[in-house]
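Please read the following report alongside the sequence and the coordinates.

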Amino acid sequence: MSLFPTWMPRERITDLGARLAVGVLFLFLSVNLLADFQRTQRVTGLLLLVSEALVVVLTVVRRRAQSVDHSAVAAITTTLSMAGPPLLRAGDETALMRDDATALLSIAGLCLVIAGKLALGRSFGLLPASRGTVTVGPYLLMRHPIYTGYLITHVAFLTAHPTVLNLAVLILADGALVVRALIEERMLKRDERYRAYCSRVGWHLVPGVF
């Protein structure tokens, strides 16, 4: 006997569960960062919150994928990269830079995230998947500008809140994010158009570096 209602396919149940999980994780992050802002008036955490809010919005409105990587490696790296940022915590530790400097760094990362998502439109998802090839905007410079923007906002937050916990979380989560990007490319390269795109744009995340 199936555990799922006959009117709702297993894939639909899984999709709804993923969207709910993203929303719950975002709620936990929001509580901590809003409390920190009320206590300290530091805006770096709020900028991270805006960046993560875009994940929630686009997860809800994303386009249905043509094909999805359901491998264990894809599931693990996606889970780690998504669950990590909500575990970051703001506290009373001494920042490595002034708040206005880390805020500017966060804004730079956020602008890259927004530019990437405007170019991507609804071609966004959690698991590595094929939702078409995007070759405009920041995608002219790198293959994963949104992930690069996340990394920048994460570095800014860690600089503002340099704790062992935050460092450990980001090493694990952002390491998984890099692997997730490479897995995504492996799937997208099944499309001839994406292979042609990769021949023009060689950098994965940081032009001139990687």
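The sections below treat aromatic pairs, helix faces, a surface patch and salt bridges.

## Basis of the report

The structure is a predicted model, and the values given here are computed from its atoms, with hydrogens and water left out of the side-chain values.

## Aromatic pairs

How many aromatic pairs does the structure hold? There are two aromatic pairs, and one of them is formed by Y147 and Y150, whose rings are stacked at 6.4 Å centre to centre with 25° between the planes. An angle under 30 degrees is what counts as stacked, and the 6.4 Å separation of Y147 and Y150 is to be read against a pairing limit of 6.5 Å. Both residues belong to helix 5, which covers residues 145–160, and they are three residues apart there, about one turn of the helix. As a general point, an α-helix has 3.6 residues a turn, so residues three or four places apart point the same way. Y147 counts as buried at 8% relative accessibility, and Y150 is likewise buried, with a relative accessible area of 7%.

The pair made by Y194 and Y197 is tilted, because the planes of the two rings stand at 45°, while their centres are 5.5 Å apart. These two tyrosines lie in helix 7, residues 192–200, again three residues apart and about one turn of the helix. Both Y194 and Y197 are buried.

Helix 3, residues 72–83, consists of twelve residues and spans 16 Å from its first C-alpha to its last, which is close to the 16 Å expected at 1.5 Å a residue. Within helix 3, the residues A74, T77, T78, S81 and M82 are buried. They lie on the same side of helix 3, because the arc that they cover around the axis is only 125°. On the other side of helix 3, A72 and I76 are exposed.

Which residues of helix 7 are buried? They are Y194, Y197 and C198, and they line one face of the helix, because they fall within an arc of 100° when seen down the axis of helix 7. The face turned away from this buried side carries E192, R193, S199 and R200, which are exposed.

The C-alpha atoms of H154 and L167 are separated by 9.8 Å, and the two residues are 13 residues apart along the chain.

## A nonpolar surface patch

The residues L182, V206, V209 and F210 make a nonpolar surface patch of about 330 Å². Of these residues, L182 is placed in helix 6, which covers residues 164–188, and it is partly exposed, with a relative accessible area of 37%.

## Salt bridges

Six salt bridges are present in the structure, and one of them joins the side chains of R39 and D92, with an N to O distance of 3.2 Å. Because R39 lies in helix 1 (residues 10–40) and D92 lies in the loop between helix 3 and helix 4 (99–120), the pair ties together parts that are 53 residues apart in sequence. R39 is partly exposed, with a relative accessible area of 44%, whereas D92 is exposed, with a relative accessible area of 64%.

A further salt bridge is formed by E185 with R143, and the closest N and O atoms of this pair are 2.7 Å apart. Are E185 and R143 buried or exposed? Both residues are buried.

R193 pairs with D191 in another salt bridge, where the closest N and O atoms are 3.0 Å apart. In this case R193 counts as exposed at 57% relative accessibility, while D191 is buried, with a relative accessible area of 17%. Elsewhere, salt bridges that share partners join D36, R39, R42 and D92 into one network.

Methods
Residues numbered from 1 in each chain as written. Predicted model: local features only at pLDDT ≥ 70, side-chain atom pairs only at ≥ 80, totals over all residues. Phe/Tyr/Trp six-rings, centres within 6.5 Å; stacked < 30°, edge-to-face > 60°. Helix = DSSP H or I, 4+ residues; strand = E, 2+ residues; numbered from the N terminus. Buried < 20%, exposed > 50% of the residue type's maximum accessible area, 1.4 Å probe, protein only. Patch = residues over 30% accessible without salt bridge, like charges linked within 9 Å, V, L, I, M, F, W, Y side chains within 5 Å. Areas by Shrake-Rupley, 256 points an atom, 1.4 Å probe, with all protein chains shown as cover. Salt bridge = Lys/Arg side-chain N within 4 Å of Asp/Glu carboxyl O. Expected span 1.5 Å × (residues − 1). Arc of directions from axis to C-beta.
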